[in-house]
Amino acid sequence: MTLSRMLLFLAVFSSIVLSIHCYVWTKVVRNAAWPAPWGKVLTIAIFALAALVPLVFLTLRSTPRSFNSPLSWLVYIWLGFLFYLFVFSLLSDIGRLVATVTRMMPEDPERRKFLFRGIATGVGVAAGAVGVTGLFNVARGFKVQNIKVSLAKLPPSASGYRIAQLTDIHVGPTIGRDFVERMVNRTNALNPDLIAITGDLVDGSVEHLASLVEPLRDLKAKDGVYFITGNHEYYSGADEWIEYVRSLGIRVLRNERVDVRGLFDLAGVDDISAKGMLPGHGQDLPKAVKGRDVSKALVLLAHQPKTIHEAVKVGVDLQLSGHVHGGQMMPFNWLAHIEQPYISGLHQHEQTWIYVSPGTGYWGPPMRVGTRAEITQIELITG
């Protein structure tokens with residue numbers, strides 16, 4: 001990203017962040033008219049955090065991790081709580097509008113003040129409860145999700161074949177080497193036949209994050225470890241990350257396929273959003289499957305679930321995807337349906353199975369509301 005584009009993005013982002021802070025301040029501080037010194041304390045806290053958000057984003061890549069990591073944790077946690085303060089403030093405004101239209105809003109100033117303080121307290125408590133729940137879900141770590149998928153073309157000798165899927169790890173400001181080490185140890189303990197990393201490994205450059213990702217070198221599977229790009233690799237220097245991942249002994253599949261011991265074909269494609277982002281990049285599924293033996297089962301690694309629309313046309317038997325994080329924080333699980341056909345779980349799309357993992361890490365706020373991070377163990381069985 002060029003400097004001018006980065007500055008433009010930062011300006012737009014800062015304006016949006018400031019607007020949301022102003023809205024939340026109006027609803028939970030100004031309208032409530034808290035007695036001194038609480039009104040001033042809350043005002044200073046909210047706008048100090050509003051200023052800190054763009055500052056941290058601006059200095060993230062130019063300061064040591066020992067300095068920016070604690071500030072990143074503070075900012076990202078606050079953004080999670082801010083989101084729910086915004087959501088519940090918006091819901092309270094809808095309630096106030098209904099009360100005004102139905103003439104249920106009290107006219108007495110003291111009763112209004114009491115009501116607004118009650119609303120502000122309710123918004124704060126609700127946002128706090130949901131935010132803490134989200135933090136707790138992340139602190140619990142990832143679970144192992146066992147999935148069985150029946151493939152008609154799979155030979156009986158391959159029944160019970162196990163693929164460990166890792167996806168949307170998002171190593172970056174708040175996810176570091178210790179997280180990667182725990183993930184690697186947990187994955188290896190499953191003793192999978194094959195490991196697939198289906199994109200969005202990082203949020204940052206090789207220069208800043210290589211040492212944090214390096215433990216992936218220790219991933220072990222009989223038939224190897226495979227990686228495909230996600231959209232976030234293209235924000236972080238995809239070519240450099242592809243070369244670095246290869247240096248860790250991981251096979252990167254870029255619109256290509258491999259034969260897995262004669263049992264099935266494994267194909268992997270660039271992220272669907274990559275076209276135009278870097279020369280020579282972009283999803284090309286026909287290229288990946290060209291000339292293959294159609295009597296063999298085909299497993300496809302594609303970061304975004306919406307690749308399923310093309311996958312069914314080329315005879316994919318099973319697609320493994322991520323990208324959506326299961327919504328990560330409600331109500332995004334509902335909103336994500338606008339762009340993606342599936343958000344999480346196992347689904348059959350015409351004759352093709354698709355499993356969408358909710359992700360092994362998280363993006364942005366270290367919160368998961370209505371979802372859990374997972375390492376997925378997919379067991380292929382003969383249909």
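Let me start with a pair of helices, where α2 passes α3 in a left-handed crossing, a crossing being left-handed if the near helix is turned anticlockwise from the far one by less than a right angle, and right-handed if clockwise. This is a predicted model, in which local features need pLDDT of at least 70 and side-chain atom pairs count only at pLDDT 80 or more, while totals for chains, interfaces and linings use all residues. Residues are numbered from 1 along each chain as its sequence is written, and side-chain values use heavy atoms, with hydrogens and water left out.

Helix α2 covers residues 38–59 and helix α3 residues 65–101, and the two pack at an angle of about 125 degrees with their axes 10 Å apart. The pair is therefore oblique, given that angles under 35 degrees count as roughly parallel, over 145 as roughly antiparallel, 65 to 115 as roughly perpendicular and the rest as oblique. On the α2 side the contact is made by L49, L52, V53, V56 and F57, and on the α3 side by L71, S72, L74, V75, Y76, W78 and L79, where contact means heavy atoms within 4.5 Å. These residues divide into 11 nonpolar, one polar and no charged.

Now to the nonpolar cores, each a set of buried Ala, Val, Leu, Ile, Met, Phe, Trp, Tyr and Cys residues joined through side-chain atoms within 4.5 Å. The largest has 34 residues, of which M183, I197, V213 and L216 touch the most other members. The elements giving two or more residues to this core are β2 (161–166), α5 (177–189), β3 (194–198), α6 (206–213), β4 (225–228) and α7 (238–247), and α6 gives the most, with five residues. L216 touches V180, M183, V184, I197, L201, L248 and I250, not counting residues up to four places away in sequence. Apart from this core lies another, of 27 residues, among them V24, V56, V123 and M367.

Leaving aside residues up to four places away in sequence, V180 touches V171, L212, V213, P215 and L216, and V130 touches Y84, F88 and V369.

Methods:
Axes fitted to C-alpha atoms, helices over the stretch in contact; angles between N-to-C directions. Helix = DSSP H or I, 4+ residues; strand = E, 2+ residues; numbered from the N terminus. Nonpolar A, V, L, I, M, F, W, Y, C, P; charged D, E, K, R; others polar. Buried < 20%, exposed > 50% of the residue type's maximum accessible area, 1.4 Å probe, protein only.
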